[in-house]
Amino acid sequence: RTPLLDAEATRYRYTPLLAYLLLPNIWLHRAWGKVLFSSLDIAAALVLQRWTRAHTDGDATIGRAALCLWLFNPFCFTISTRGSGESVVVLLLYGCFYALHVRRSLVLAGILLGVAAHWRVYPIVYGLPILLQLGCNRRGLWRLLHADG
């Protein structure tokens, strides 16, 4: 039998980074994780607001609408307040998109996408659309990879 098909094979559902983030649950308070993930959810909303403001020429109304849609979405705040680490992935992905589109930093965007994919596997699906979007403009990734000299 192969380990991939064996029901008794050791599998890890979460990254060890999550365990390190939640160590203060033992030392400080049992609600540490809930407070941490709720705070990261608010940080993700702020990154989303800055990202939308940058794409709407500083229109505060659209940034505020994005902020409200994120913070007052019952799905989002229920997951965060129950202690799920999804807010970490969302913050990393929003940070990746912000780094890519606003700061124009391929390296930072790549690092954030890599950490998000390490945290959970599903953010890897954003890799191909990001590469395709970068290859569409003249200073895109295709020219960076195939530059002469």
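Student: What does the secondary structure of the protein chain come to?

Tutor: In this predicted model, the protein chain has nine helices and zero strands, and along the sequence the pattern reads α-α-α-α-α-α-α-α-α.

Student: And how much of the chain is buried?

Tutor: Of the 149 residues in the protein chain, 32% are buried. The accessible surface of the chain comes to about 10,600 Å², and carbon and sulfur atoms account for 65% of that surface.

Student: What share of the contacts with a separation of 6 or more joins residues 24 or more positions apart?

Tutor: Such pairs make up 56% of the contacts in the protein chain that have a separation of 6 or more.

Student: Let's go to the packing, then: at what angle do H3 and H4 pack?

Tutor: Helix H3, which covers residues 32-55, packs with helix H4, residues 60-71, at an angle of about 155°, and their axes are 8 Å apart. Angles over 145 degrees count as roughly antiparallel, and H3 and H4 are therefore roughly antiparallel to each other. Their crossing is right-handed.

Student: Which residues make that contact?

Tutor: On the H3 side they include Ile42, Ala45, Leu46, Leu48 and Arg53, while the H4 side includes Ile62, Gly63, Leu67, Trp70 and Leu71. Taken by class, the contact of H3 with H4 has eleven nonpolar, three polar and three charged residues.

Student: How do H3 and H5 pack, in terms of angle and axes?

Tutor: H3 and helix H5, which covers residues 74-81, pack at an angle of about 145°, with their axes 7 Å apart. The residues that make this contact are Lys34, Phe37, Ser38 and Asp41 of H3, together with Cys76, Phe77, Ser80 and Thr81 of H5.

Student: What about the classes there?

Tutor: The contact of H3 with H5 divides into three nonpolar, three polar and two charged residues. Asp41 of H3 is one of the residues in this contact, and Asp41 is also among the H3 residues that touch H4.

Student: Changing topic, where does Gly110 lie?

Tutor: Gly110 lies in helix H7, which covers residues 106-119.

Student: Why does Gly110 count as partly exposed?

Tutor: Gly110 has a relative accessibility of 42%, so it counts as partly exposed, given that this class lies between the buried limit of under 20% and the exposed limit of over 50%.

Student: How far apart are Gly110 and Leu100?

Tutor: They are ten residues apart in sequence, and the distance in space from C-alpha to C-alpha is 8.7 Å.

Methods
Residues numbered from 1 in each chain as written. Predicted model: local features only at pLDDT ≥ 70, side-chain atom pairs only at ≥ 80, totals over all residues. Heavy atoms only, no water. Helix = DSSP H or I, 4+ residues; strand = E, 2+ residues; numbered from the N terminus. Buried < 20%, exposed > 50% of the residue type's maximum accessible area, 1.4 Å probe, protein only. Contact = heavy atoms within 4.5 Å. Areas by Shrake-Rupley, 256 points an atom, 1.4 Å probe, with all protein chains shown as cover. Axes fitted to C-alpha atoms, helices over the stretch in contact; angles between N-to-C directions. Parallel < 35°, antiparallel > 145°, perpendicular 65-115°, else oblique. Left-handed = near helix turned anticlockwise from the far one by under 90°. Nonpolar A, V, L, I, M, F, W, Y, C, P; charged D, E, K, R; others polar.
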